[in-house]
Amino acid sequence: MGKGLCAKIGMWMAVMLLAGAGAMAQSPHPVAGKYAVTASSPELGEIKFQIMLQKDGENWKGAIKDSPMPFEVTSVTVDADNKVTITSGVEGTSVVIAGKFEAGKITGDWKAGDMGGKWVAIQEAAEAPAAAAPAAAAS
């Protein structure tokens, strides 16, 4: 193996190690992820849907899907104590969903006009990265 090739391989390995260290330093926020949500109230009974929460720089984004009513998330905040507030709207009514994240779960209250109730969101496990293929044996 020539010296030039060895130098290129060494440089490539150094870049990969630094890139890996940078990725580990920027681990995702514990609140970020996909959740299975159950919201309940005496008026509506039980409603199930999914919510995705994502940190984008200093800001948060959210999306609701598989809901029996079309919700549009207008704002998401997560404070230093992992208190979560999601504001959305449905058919012209503002909906505020607030709760506290602990151990992979957000629990709290929701309010829409004169109605309100409880909600719980269970965080779905993040998919593990694919295992690296074993290195080929040198010949």
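**Entry 1: the pocket**

I began with the largest pocket and asked which element gives the most to its lining. Strand β6 does, with three residues. I note that this is a predicted model.

I then looked up the volume of the largest pocket, which is about 250 Å³. I found 15 residues lining this pocket. Closest to the centre are Leu 44, Met 69, Phe 71, Val 95 and Trp 110.

Next I checked which elements give two or more residues to the lining. They are β2, β6 (93-102), β7 (105-112) and β8 (115-123).

What kinds of residues make up the lining? I sorted them into 13 nonpolar, one polar and one charged.

**Entry 2: β1 and β2**

β2 gives residues to the pocket lining, so I followed this strand next. Strand β1 covers residues 33-41, and β2 covers residues 45-56. I found that the two run antiparallel, joined by nine bridges. I picked Val 37 and looked for its bridge partner in β2. The partner is Phe 49. How many residues lie between the strands of this hairpin? I found three between β1 and β2.

**Entry 3: β2 and β3**

I moved on to strand β3, residues 59-65. Seven bridges join β3 to β2, and this pair is antiparallel. Across the pair, I saw Met 52 opposite Ala 63 of β3.

I ended at the turn of this hairpin, where two residues lie between the strands. Which residue there takes a positive phi? I found Gly 57, with a phi near 70°.

Definitions and conventions. Residues are numbered from 1 along each chain as its sequence is written. This is a predicted model: local features need pLDDT of at least 70, side-chain atom pairs count only at pLDDT 80 or more; totals for chains, interfaces and linings use all residues. Side-chain values use heavy atoms; hydrogens and water are left out. Two strands pair if DSSP finds at least two bridges between them. Helices (H or I, at least four residues) and strands (E, at least two) are DSSP runs, numbered from the N terminus. On a 1 Å grid over the protein atoms alone, a cavity is a set of points where a 1.4 Å probe fits but cannot get out, and a pocket is an open set with protein on both sides within 12 Å along at least five of seven lines; lining residues have an atom within 4 Å of a point. Grid points are joined across faces, edges and corners, and a volume is the space filled by probe spheres set on the points. Ala, Val, Leu, Ile, Met, Phe, Trp, Tyr, Cys and Pro count as nonpolar, Asp, Glu, Lys and Arg as charged, and the others, Gly among them, as polar.
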